[in-house]
Amino acid sequence: MSKSNTKKPLKIKQPPDIYPTKTKAQVTIIFFAIVAMYLYSMNWTQRDMVGDITDAPANMVSVLGKFFPPNYSYWSNIWDEMALTIQMAVIATTIAAIITVPLALLSARNITTFKPLYYATRTFLNLLRTIPDLVLAVIFVGLFGIGLLPGILALIVFSLGILAKLISETIETVDMSPLEAMRASGGGTIQVIWTGLVPQVLPQFTSLVLYVFEINVRASVVLGYVGAGGIGQVLQSQLRYGHIAFPNAMAIIVLIFIVVLVIEYISSKLREALI
Amino acid sequence: MIEFKDVSLVYPNGTQGLKNVNVTINDGEFVVIVGLSGAGKSTLIRSINRLVTPTNGSLLVDDEDILKYRSKNLRKLRTKTGMIFQNYNLVKRSNVLKNVLAGRLGHTGTLRSIFNMYSKKDKSLAYESLKRVNIEEKVYNRADELSGGQQQRVSIARVLTQQPKYILADEPVASLDPPTSHQVMTYLKKINKEDNITTIVNLHFIDMAMEYADRIIGMRAGEVVFDGPASEVTEKTFEEIYGRSIREDDLRGGTES
Amino acid sequence: MNLTLPPKPKNSLFKKLRAIVITISIIALYIWTFLGIDLDWEKAINKLIQQFDKVIPMLFSPDWSATGEVALTMLETIFIAFAGSLMAAILAVPLSFLAANNMMGKYLSMPGKWLLSAIRAFPDLILAILFVVAVGPNAFAGVLAIAIGSTGMLGKLFSEIIEQIDKDVVQGMQANGANRTQVLFYAVLPQIIPEFLSYAIYRFEVDIRASSILGIVGAGGIGTMIVFASANDNWSQMGTILVGIIVVVTVIDFTSAFIRKRIV
């Protein structure tokens, strides 16, 4: 154990001699497989690198140095773009929050007792979640041309997958007994859901929508990179100009950083208050 | 009038819930169904408002076979049968008034109920119901702020607001302590007498069954094994129904508080 | 029966004020949004009419001749995600101890917490842009972007796990006369390792998605192909890429969920 102990503190729960030999062998094999794959990955990803990896840190410092100091006076040029970026996220989150309601109900096992429908919705949502936001943006830009609309659509589709899944999971943890009582007193399906289910999930629903809004703000700042509107578009054009525009680019990055932090702070405070 | 005619129920997993049940319950009766857990009391009671559907026989409520009912008739049936549950089944985050008004769902259009547009009459009916179970001072409290006994009284108020012809109570006192249990049973009995609402209660406490029931139906393994007026029932009857001697936990104890 | 309900109890002034402030802010947010956003529907719809037949049918008839290239770049994407997440998992361990209240005390853990949330505020793609500038447009820039980006999230999750450990076990060890290192290895690590591993594997799932877009800024992986396919209007190749991403992400999600279930 002495050798592996120093290398992989993560793997050790107790002194190995407490474990059966089989477990020890398994852990060792998995450990070496992971290390091998890691070394191979590092090797592969560095094969296109110009120069030696040992130059990288120095190189990095010298190039990153060109970004500093950020040109904060550039901020006055980008307020509108930053505002548009947040507005995209607001609209996309709102629309996603509306569309998500039927989808979340259909993909909650305790509400949709008709199994084929439940599985169909689940599969659809799982499929939706596998596609990264920027890929969606690229496709929508291809369909609608450069602008805000493809960005908003990409955000809607992207956040729909996440939101519907999280909300359906919340619905599945709900106390079903009031719903039974509502049904027993003659309520129709919509009445049962509205009076028995909605009050139980409303706080979590709001909290999850805010959470997805945070995700959307983060995603929207980079969507512009593929032509889907917002601050990302400006960032891309500044980086294209080369070294002289790097301080402008850094100013954009700093602004993005601040905006994301502020929105996350407000949103997390609101969510704490809700639950 | 509720008539079970040779009603059987087999659950999808093969469990026999009810077996050739033949029972007639007359209007205004206060019937207590006793039996061990798993004897089919709950299935019997839930058949009446079709929360479960018997697989054989016919079940007549006011001379109509409810086993043939589909959604619209089903809502009507459920509107005239109120139900009380062991765990009160209140929406914990909603206030008492909203919970009680839920009793009007069957009488109210979907849109109206979504926007909380209950009529003034409904609201005063809800408040009156709360008064009848002496819990009107909690009208704006959230349901989860109430004790178990208070929650069960709210659920009785919900049923009263529904203005049903029948009340089904599934183990209404199983989660309560002895004094509160007697209180809840007293309210049920009082409502039965004052409003002439046919009331069917599942209980497994022998002493409470004998104290409150007009008529006792005993069940074992899905079958009705006893049916007669409470006055004819002795400890021996219970031993026959339960298939074993009476133990202390078959008694609730305590007296009316 | 003409009972009237008693008046509703009055909410406290603070509560009322809070409700008013929140309502007004939300309304203001939406007014600001709808006044600010000006969508050019006509242009978008014209473009849609023009592009629809070129894009949608092609997306659903993937160009299978590109399968080899897609598979290879998808493999690179997996390598980027793997190397990045592993680096992050290792980097996150010391940082998470520095950011845990019960390890460092409430005030000393603050800088660690700040550092982690500062890292998290950078979107992955922005980090990738910086690293592409620093080490050139290649997959290693992607690895670094993933590594740093994931460190922020993993460090936070890890520190939350550490904060939830069972204190009694630690005290028991201390009562036995164990020193700090011994307590760490015998009382702390056994409690946190399964959760750490589980989160690290979960993060690998997330990183697969993240690394498949890094190529858009030149940081390697399948993203590079995405840019070319859209620039050349080669939507059937885009279809193949989508299939590649969906298959790989689904397979890895399932495997990872399976492993995580066994660990915890």
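Select A:Thr121. This residue of the predicted model sits in helix α5 of chain A, residues 115-130. Helices here are DSSP runs of H or I with at least four residues, strands are runs of E with at least two, and both are numbered from the N terminus. Is A:Thr121 buried or exposed? A:Thr121 counts as buried, because its relative accessibility is 7%. Buried means under 20% relative accessible area, exposed over 50%, and partly exposed in between, with a 1.4 Å probe and protein chains only. Now show the contacts of A:Thr121, leaving out neighbours within four places in sequence: A:Leu103, A:Leu106 and A:Ser107. A contact means heavy atoms within 4.5 Å.

**Ground rules**

Residues are numbered from 1 along each chain as its sequence is written, while chains are lettered from A and ligands numbered from 1 in the order in which they are written. In this predicted model, local features need pLDDT of at least 70, side-chain atom pairs count only at pLDDT 80 or more, and totals for chains, interfaces and linings use all residues; side-chain values use heavy atoms, without hydrogens and water.

**Chain A**

The chain averages 84, and 90% of its residues score at least 70. Next, select residues 1-8 of chain A. Their pLDDT stays under 50, and the model has 7 contacts for them beyond four places in sequence.

Switch to cartoon. Chain A has 11 helices and 0 strands. Of its 275 residues, 55% count as buried. Take the contacts between residues at least 6 apart in sequence: 73% of them join residues at least 24 apart. The accessible area is about 12600 Å², and carbon and sulfur atoms hold 68% of that. The area comes from the Shrake-Rupley method with a 1.4 Å probe.

**Annotated spans**

Select residues 82-267 of chain A. UniProt, in an unreviewed entry, annotates them as "domain: ABC transmembrane type-1". UniProt positions follow the numbering used here, feature names are shortened, and annotations may be inferred rather than shown by experiment. The span is 82% helix and 0% strand, with its end C-alpha atoms 18 Å apart.

Residues 82-106 are 100% helix, and the end C-alpha atoms are 36 Å apart.

Then pick residues 2-246 of chain B, which an unreviewed UniProt entry annotates as "domain: ABC transporter". Here the chain is 36% helix and 24% strand, with end C-alpha atoms 31 Å apart.

**Inside chain B**

Zoom to B:Ala209 in helix α8, residues 206-212. B:Ala209 has a relative accessible area of 0%, so it counts as buried. Beyond four places in sequence, B:Ala209 touches B:Val32, B:Val34, B:Leu203, B:Ile216 and B:Phe238. Draw a distance to B:Val233, 24 residues away along the chain: the C-alpha atoms are 9.8 Å apart.

**Cavity and pocket**

How many cavities of 30 Å³ or more does the whole structure have? The search finds 3. On a 1 Å grid over the protein atoms alone, a cavity is a set of points where a 1.4 Å probe fits but cannot get out; a pocket is an open set with protein on both sides within 12 Å along at least five of seven lines; lining residues have an atom within 4 Å of a point.

The largest cavity has a volume of about 70 Å³. Select its lining, including A:Met182, A:Thr195, B:Lys98 and B:Tyr118.

Last stop: the second largest pocket, at about 2400 Å³. Its lining has 45 residues, with A:Thr206, A:Leu274, C:Ala19, C:Ile22 and C:Ile26 nearest the centre. The largest share, 10 residues, comes from α9 of chain A.

Terms used:
pLDDT is the predictor's confidence in each residue, from 0 to 100. Grid points are joined across faces, edges and corners, and a volume is the space filled by probe spheres set on the points.
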